[in-house]
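The exercises below are meant to be worked with the sequence and the structure side by side.

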Amino acid sequence: MADTGTQQTEARARIPNLAGSAFIFLILAALVIAFSLLEGTAFLSGENFFNIAVDASELLLLAVGVTFVIITAGIDLSVGSILVLSSVIAAQTMVALSGTQEQVQNFTYPNQAVGIPVGIAAGLLVGVVCGFINGLLVTKLRLTPFIATLGTLGIFLGTAQILSGGTNVPYVPPAIQTEIGSRQLLGILPVPIAIGLVVVIVAILALHRTQFGRYTYAIGSNAEAARRVGIDVDRHLLKVYTLSGFLSGLAGIIDVARFSTASVGAHTLDNLAAISAAVIGGTSLFGGIGSIVGSVVGTFIPAVLRNGFVIHGVQPFWQEVAIGIVLILAVVIDQRRRSAEERM
Amino acid sequence: MNGNGAVLQARGINKSFGAVQALKDVDFEVRPGEVVALIGDNGAGKSTLINVITGVLAPDSGEIIFEGERVEFISPHDARERGIETVYQDLAVAPQLDAVANIFLGRERRMSGIMGRLGFLDQSRMRKETDDQLAELQVRIPDLTKPLSTFSGGQRQGVAVARAVMWASKVVIMDEPTAALGVAQVGMVLDLVRRVRQTGIPVLFISHNMPQVFDVADRIVVLRLGEVVAELDPKKTSTDDAVAAMTGSLRGEERV
Amino acid sequence: MSYEISVGRRISRREFLGVAAAGAGVALLGACGGGGGGGDQGGAESYRLTLIVGITGDEFYTTMECGAQAAAQELGAELTVQGPEEFSPAEQTPILNAAIQANPDAILIAPTDRTAMVAPIQSAVNQDIPIVLVDTTIEREDLALAQISSDNILGGRQAGEALAKQIGEEGKVMVISVTPGISTTDQRKQGFEEAIEKYPNIEYLGTEYCNDDPVEAASITTSTLRSNPDLKGIFGANVFSGQGAGTGVRQTGKKDEVSVVAFDASPTQVEDLRRGNVDVLIAQHPNDIGDRGVRIAVDYLKSDKEPASKQITTGFTTVTRENLDKPEVQEYLYKAQC
């Protein structure tokens with residue numbers, strides 16, 4: 001007969017790729033338990049967990065975007081630079097439109113009700129454009145993604161430094177911090193976490209339940225096969241890189257909202273952190289495999305480690321060693337599990 | 001334009017790669033309800049001919065006639081659109097995806113209404129359709145939800161063949177469909193080929209395996225060094241004759 | 001052997017051990033690597049202090065840490081030191097947030113941005129943790145118990161005077177700084193500019209920013225020397241700026257023609273001084289900053305009285321090849337480890 005029973009098949013198929021991330025989740029749970037035992041309520045508190053989540057909110061967006069890209073067997077090294085460029089343009093737009101130079105330097109912002117939304121839109125637009133540029137370089141110029149985004153990493157960051165004069169953007173209207181950066185919905189949920197949640201849910205649906213997600217996996221698994229069945233691979237890749245750019249732009253907005261400035265010298269290692277998060281979460285650099293839940297867990301493992309270590313008082317250098325070891329351990333164990341499943 | 005009722009015809013096809021002429025003045029056709037085997041030694045041009053007929057490659061000269069009309073296939077998609085399904089030698093499956101996803105690749109069923117317009121897939125419907133179709137074709141696939149990378153080469157080939165047969169409405173083309181298969185699976189594929197023929201859809205396949213060719217083909221076309229050198233009737237010729245034609249000891253006589 | 005767990009697939013023994021190993025490893029590492037965060041206190045007198053520097057690996061902050069540790073030991077307090085790998089609020093904030101959770105008795109911090117660090121520091125103050133600002137400051141200085149730094153304007157002026165003397169009070173000079181917006185380096189630049197304004201024959205080319213990257217600073221130096229071959233003096237406003245300027249001068253082979261005055265006295269800079277790539281170092285006293293910071297915190301914790309002066313400045317030592325080996329100067333050279 002053709003199958004082992006449709007019902008059982010249905011049940012298993014309803015959790016696509018989730019079983020893979022279950023293991024990494026166990027590691028995260030183990031860390032949480034270990035630190036809770038070591039530190040008690042200093043670690044195990046709602047406030048601490050919310051802090052961890054807010055502090056990780058930007059990286060989470062980058063990791064989600066990069067997951068899509070890596071699943072297509074590509075990579076995006078420019079995510080940190082797009083974040084910075086978006087934050088600079090968003091902040092400068094807000095400052096420019098919220099009042100005259102004199103008003104703004106005296107900390108009054110008569111037009112911020114217009115300035116702030118337009119600034120946000122500008123920042124998001126920058127993210128989209130930068131992502132689109134990455135996509136064009138990969139599809140039209142046929143540059144390998146590593147090279148293409150290595151180049152744009154420099155171009156976007158350089159542009160940000162030119163625009164900002166190398167300085168953190170001053171005089172940003174504080175309303176963006178009070179309304180978004182530090183605001184808590186219903187008095188409890190910090191807005192950056194809410195934004196992260198929405199993005200994660202939409203991403204999970206898109207990746208695992210829509211044609212867009214299916215094509216993403218297919219192209220990463222075998223781009224030529226996708227082409228043969230008529231999928232417009234170039235057009236899809238363009239969309240994927242644009243998506244990554246958009247999410248980097250959104251992360252830039254959150255950055256401005258949290259810190260009330262655009263930090264030009266920051267986020268230099270965010271690209272590697274985002275890629276690590278995806279890889280820890282089970283996304284394969286060879287394409288075709290990955291999950292959003294995995295990347296979320298992969299974002300939180302280093303975040304929890306750092307948080308726990310600081311609370312415990314471990315020296316900073318040991319923290320980095322430990323995080324590196326956990327990264328390697330997580331990936332090795334996951335790869336062993338995979339090759340046990342596969343046959344050549 | 002022509003009246004002999006061939007579904008797919010290639011006329012005067014020439015194709016060169018640099019200094020090497022892979023196909024020379026090839027005339028070739030596939031008629032309704034028949035199984036045609038295309039055989040030839042390595043480098044005879046079999047895969048190239050398939051690639052030209054299915055739109056993967058463009059011929060340097062010559063024409064392709066489909067159901068009486070002259071066509072130009074710019075991409076494999078064009079051929080698919082007309083109901084020509086191909087199982088390529090490299091299978092063209094996505095190993096990280098499962099059987100259902102591969103079978104519906106490029107042809108996904110979406111949900112109805114607004115969810116569908118947003119791109120949401122009707123995964124249960126696709127699973128059911130696959131189940132039903134595979135049952136009808138009597139094809140065994142071990143687990144529809146595991147990625148193809150966990151299958152053996154033979155099982156993957158089974159999925160690729162099932163995919164082509166499920167979707168083809170005019171012609172099924174297979175390039176070495178039994179190459180990686182065990183005995184039982186070979187039997188399954190050959191049965192499948194016969195079943196397809198019964199529906200009236202012709203099957204064209206390339207093979208190196210003489211016993212299988214003689215078992216299932218109605219007509220055998222022999223390619224040698226880019227030219228059609230013989231067309232044989234498997235009922236009237238022997239495997240020795242076929243091999244001789246492939247290697248050049250028999251010169252272009254028996255056209256059927 | 002395998003274990004069925006409700007995630008729907010079997011976990012092999014190997015995987016289970018792997019997870020257990022990860023958890024145990026963390027626990028072990030935490031136990032030996034730490035300065036003992038949560039949990040026991042030695043007694044009512046043993047205050048727990050946390051110092052958060054601006055960036056790890058910077059000898060200025062390392063020396064500050066040494067001074068702070070020495071003072072803490074003397075006073076019987078426990079000092080933990082943390083810091084980000086990048087000089088940015090995005091990296092420093094999670095560390096500050098976590099440090100707050102450990103509920104220390106006081107936090108000493110070198111904020112990485114005047115505006116961005118206000119919110120997280122406010123949150124510490126809200127939880128009754130007193131803050132001492134060391135080196136850099138924030139817009140809301142009132143939030144802190146005290147602010148301790150070198151008088152950077154004075155230091156800049158000293159640098160300006162020293163450079164003017166080196167170049168014979170005439171010629172082209174430039175400044176290499178970190179990035180605009182950092183209080184300390186901006187003040188040094190200001191002091192420097194004030195000082196050289198008094199010399200009519202000195203032409204000021206302006207300030208370039210290297211983003212705290214010595215490689216960038218070196219590159220700025222070499223390109224400026226290409227477009228202005230008659231450049232006679234450079235002032236590097238912090239450790240990495242000064243180091244980079246020295247490297248750049250050495251790379252172009254112009255160490256005899258170009259005088260470099262650098263702020264800070266890291267081991268690399270002292271080497272540069274000996275070799276003649278740099279001519280004067282204006283050493284801050286980060287040791288004193290760390291020391292005073294700890295003392296002020298502990299005093300407050302003991303007496304519950306705010307310090308008499310909330311703005312404390314520490315001094316400078318001008319270091320030249322001539323006085324380099326004198327003990328009173330050696331004391332103020334920065335250390336790479338305590």
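A residue is called buried when its relative accessible area is under 20%, exposed when it is over 50%, and partly exposed in between, with a 1.4 Å probe and the protein chains only. The model is a predicted one, in which local features need pLDDT of at least 70 and side-chain atom pairs count only at pLDDT 80 or more, while totals for chains, interfaces and linings use all residues. Residues are numbered from 1 along each chain as its sequence is written, chains are lettered from A and ligands numbered from 1 in the order in which they are written, and side-chain values use heavy atoms, with hydrogens and water left out.

**Exercise 1. Decide whether Cys210(C) is buried or exposed, and follow the disulfide of the structure.**

Step 1. Cys210(C) is buried, since its relative accessible area is 1%; Cys130(A), with 4%, is buried as well.

Step 2. Counting a disulfide as a pair of cysteine sulfur atoms within 2.5 Å, one finds 1 over all chains. Its partners are Cys66(C) and Cys338(C), with 2.1 Å from S to S. The pair ties together distant parts of the chain, for Cys66(C) lies in helix α2 of chain C and Cys338(C) in the segment after α11 (327-330) of chain C, 272 residues apart. Helices (H or I, at least four residues) and strands (E, at least two) are DSSP runs, numbered from the N terminus.

Step 3. The angle about the S-S bond is -95 degrees, and the link of Cys66(C) and Cys338(C) is left-handed. Cys66(C) counts as buried because its relative accessibility is 9%, whereas Cys338(C) is exposed because its relative accessible area is 65%.

**Exercise 2. Describe how strand β8 of chain C is covered and to which strands bridges join it.**

Step 1. Two strands pair if DSSP finds at least two bridges between them. β8(C) runs parallel to β9(C) (residues 202-209), joined to it by 6 bridges, and the partner of Lys172(C) in β9(C) is Glu203(C). From β8(C) the chain passes through α6(C) to β9(C) in a right-handed β-α-β crossover, where right-handed means that, with the strands pointing away from the viewer, the path from the first strand over the helix to the second runs clockwise.

Step 2. β10(C) (residues 231-236) also runs parallel to β8(C), with 5 bridges between them, and there Lys172(C) has Leu231(C) as its bridge partner.

**Exercise 3. Find how many cavities there are, and describe the lining of the largest cavity.**

Step 1. On a 1 Å grid over the protein atoms alone, a cavity is a set of points where a 1.4 Å probe fits but cannot get out, and lining residues have an atom within 4 Å of a point. Grid points are joined across faces, edges and corners, and a volume is the space filled by probe spheres set on the points.

Step 2. There are 4 cavities of 30 Å³ or more, and the largest cavity has a volume of about 170 Å³.

Step 3. The largest cavity is lined by 16 residues, and those nearest its centre include Asp58(C), Tyr61(C) and Asp135(C). The largest share of this lining, 3 residues, is supplied by α6(C).

Conventions: 1 Å grid on protein atoms, 1.4 Å probe; cavity = no way out; pocket = protein on both sides within 12 Å on 5 of 7 lines; lining within 4 Å.
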